[in-house]
Amino acid sequence: MIIANWEDARDRARRRLPKIFFDFIDGAAFSEATARANVEDFENWSFEQRVLIDVADRDLSTHYLGKTWPRPFALAPLGFAGLFAPHAEIMAARAAHAVGAPFCLSNFGIVSLEDLRKATDGPLWFQLYVLKERSLSERLLQRAENVGVDALCITVDSQIKSVRERDTRNGFRSLTKMTPRLALALLRRPRWVMGALRSGPLRINNLAPYPEYGTGALEQAANLGNLIDPTMTWSDIARFRDRWKGKLIIKGVMNARDAERCADIGADAIVVSNHGGRQLDGARSTISVLPEIVAAAGRRTDVLFDGGVRRGSHVVKAMALGAKAVLLGRAYAYAVAADGERGVSQMLDLLSTEIDVTIGHMGLRRLSELAEREGVLRFRYAR
């Protein structure tokens with residue numbers, strides 16, 4: 001099957017995955033209004049088209065975290081990605097690294113830091129949820145240092161466990177072991193089952209050395225989720241800044257004052273993100289708050305963007321509003337579930353082509369010109 005856009009990948013993922021896992025990717029908190037707004041609010045901006053400009057040679061590179069990157073995207077941390085396809089995190093990382101893009105491994109990733117590092121030597125980030133048991137966080141940090149992780153990405157918008165109604169109906173997150181109902185649901189996707197059996201035990205392998213947190217993915221996820229610390233404050237982030245000597249990214253910023261605090265603490269980058277609408281339903285869309293955050297902190301820290309990115313035009317709009325790059329979450333989840341490494345490679349190629357075509361029709365030769373030239377976007381209407 002040819003994947004021509006993200007909707008093709010989503011449809012193929014829906015047909016390949018057990019419903020419990022597809023709904024985990026596709027769903028969001030409560031009514032899912034914020035998740036929809038993340039995508040729909042890109043339409044509030046329209047491009048200004050320019051003609052009769054020499055755009056024969058176009059450059060999609062961007063600069064952040066002290067480096068120039070050949071593409072303006074990274075793969076976001078995605079919990080349980082290894083459940084969507086055998087060795088999904090490794091395959092996605094290889095696809096990202098093939099185009100020079102970073103890959104961020106989730107705290108809830110199926111593959112371990114060590115195994116991922118052995119499989120690919122490209123730019124690697126590690127996402128950390130701050131846990132009540134700081135000793136576990138410290139052990140994970142030490143392992144990240146040992147494998148040469150380039151950037152630590154601390155997620156700060158998940159201190160309170162949200163309610164995702166699709167997961168409630170499917171029993172996801174409340175399950176700690178295989179049940180007859182779950183087994184029956186999985187068997188409806190025999191191809192997925194065969195792949196899962198070939199890839200080995202389903203567990204969060206970063207927790208494999210610590211059996212006190214469980215031995216299977218469902219039990220480990222429940223235990224780790226209950227350890228996310230709701231008392232975390234700015235002083236904790238400051239201590240992590242002192243502790244971590246590499247690049248520090250703070251993910252989950254949706255407020256200009258919070259963005260300023262991140263810059264004050266010394267974050268190298270922040271990610272404007274509402275967790276894909278999976279935490280606070282009714283929150284503003286990420287694209288709607290991006291200009292405020294760039295104005296507040298964009299001169300002191302790199303502003304990255306996450307939420308609702310499905311098209312290359314979305315990437316261009318986010319960068320025109322001041323983002324240095326975007327993180328891809330659901331878009332890559334659909335792609336890896338649809339066709340593994342090849343699916344992710346296709347998705348990244350499609351996005352790159354769409355970005356290239358878009359800036360060409362805007363009369364731009366470099367993505368960096370989006371920040372340099374005025375009037376590249378027009379605001380159309382408010383929701």
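I call a residue buried when its relative accessible area is under 20%, exposed when over 50%, and partly exposed in between, with a 1.4 Å probe and protein chains only.

**Ground rules.** I am looking at a predicted model, in which local features need pLDDT of at least 70, side-chain atom pairs count only at pLDDT 80 or more, and totals for chains, interfaces and linings use all residues. Residues are numbered from 1 along each chain as its sequence is written, and side-chain values use heavy atoms, with hydrogens and water left out.

**Overall.** I looked up the secondary structure and found 16 helices and twelve strands; helices (H or I, at least four residues) and strands (E, at least two) are DSSP runs, numbered from the N terminus. The radius of gyration is 20 Å, close to the 21 Å from the globule rule for 383 residues, so the protein is as compact as a globular protein of that length. That radius is taken over C-alpha atoms, and the rule is 2.2 Å times the number of residues to the power 0.38. I noted that 58% of the 383 residues count as buried.

**Helix H11.** I went to residues 234-243 and found Asp-236, Ile-237, Phe-240 and Arg-241 buried. Down the axis of H11 these buried residues fall within an arc of 145 degrees, so they line one face of the helix. The arc is that of the directions from the helix axis to the C-beta atoms. An α-helix has 3.6 residues a turn, so residues three or four places apart point the same way. The buried residues of H11 pack against several elements, among them strand E6 (124-129) and helix H12 (256-265); contact here means heavy atoms within 4.5 Å.

**Helix H9.** In residues 190-199 I listed Trp-192, Val-193, Gly-195 and Ala-196 as buried. They cover an arc of only 165 degrees around the axis, which puts them on the same side of H9. Pro-190, Arg-191, Leu-197 and Arg-198 are exposed on the other side. The cover over the buried residues of H9 includes helices H1 (6-16), H2 (19-26) and H8 (180-187). After H9 comes Gly-200, with a positive phi near 100 degrees.

**Positive phi in loops.** Leu-65 sits in the loop between strands E2 (62-64) and E3 (67-69), and is buried at 8% relative accessible area. His-275, also not a glycine, has a positive phi of about 60 degrees. I placed His-275 in the loop between strand E9 (269-272) and helix H13 (286-297). His-275 counts as buried, at 13% relative accessibility.
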